[in-house]
Amino acid sequence: MVVVTCNLSALDGRSAVKVHMPKCLQLADARNGLRHVLREVLQRFPDYRPPRLDPIQDLGIRDDGFRQLVHHTELLEACLRESPLSAAKPDRWCEMLAAYGEKLRLAGKVDRCCKRLRAVESVLQLDDLKARRRVLHMLRFTNLAGASAAAGGGAATVATGDAASGTGDVIKTKGRVACEVSV
């Protein structure tokens, strides 16, 4: 057994298990004794993994913000463990990344198609309103300005660019149906 120094960033984690170390590890007997103690400790835990140091229970941290942060970290780690990418082998990562890129490309294509569909629907609706206005004018229910010519009814303007026109499909004059318009 050799004693080496290492940076804290090289450590995987800290355990809640305490092991008393001899003051001097330069002697071979002290190093061998510590190795024997470490083997005994690791054998007592499944998969040779002692429990990690819990900052809330073992260190006694009582800050609510820190507790929420630890809770969110645990949730994110659970989501990462459940993700298909963490279960996949590294040789499948390129394949999965390509499939995700294809999914994004297709989602963009769907968005562009939806925008084109809305544009076409608005043009069709505009044409439909123009045709309705023309029919109403030919049946003499509106004048050239597009105002309702029905006596006693409220004047409603048929706007060609407005989706919510004041006429509808059935026009009433003096309480009875005068004409049913279908284009």
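Keep in mind that the model is predicted, so local features need pLDDT of at least 70, side-chain atom pairs count only at pLDDT 80 or more, and totals for chains, interfaces and linings use all residues. Residues are numbered from 1 along each chain as its sequence is written, and side-chain values use heavy atoms, leaving out hydrogens and water.

**Exercise 1.** Work out how many disulfides the structure holds.

Start with the rule: a disulfide is a pair of cysteine sulfur atoms within 2.5 Å. Apply that and you get 0 disulfides. Cysteine 24 comes out partly exposed at 36%, while cysteine 94 is exposed at 61%.

**Exercise 2.** Find what span helix α4 reaches.

Helices are DSSP runs (H or I, at least four residues), numbered from the N terminus. Helix α4 covers residues 90–138, which is 49 residues. The expected span is 1.5 Å times one less than the number of residues, giving 72 Å here, and the helix reaches 72 Å from its first C-alpha to its last. Along α4, Leu129, Ala131 and Leu136 are buried. Just after α4, arginine 140 has a positive phi of about 65 degrees.

**Exercise 3.** Sort the residues that line the second largest pocket into nonpolar, polar and charged.

First list the lining, which includes Arg52, Phe66, Val70, Thr73 and Glu77. Then use the classes: Ala, Val, Leu, Ile, Met, Phe, Trp, Tyr, Cys and Pro are nonpolar, Asp, Glu, Lys and Arg are charged, and the others, Gly among them, are polar. The tally is 4 nonpolar, 1 polar and 4 charged.

Terms used: Buried means under 20% relative accessible area, exposed over 50%, partly exposed in between (1.4 Å probe, protein chains only). Helices (H or I, at least four residues) and strands (E, at least two) are DSSP runs, numbered from the N terminus. On a 1 Å grid over the protein atoms alone, a cavity is a set of points where a 1.4 Å probe fits but cannot get out, and a pocket is an open set with protein on both sides within 12 Å along at least five of seven lines; lining residues have an atom within 4 Å of a point.
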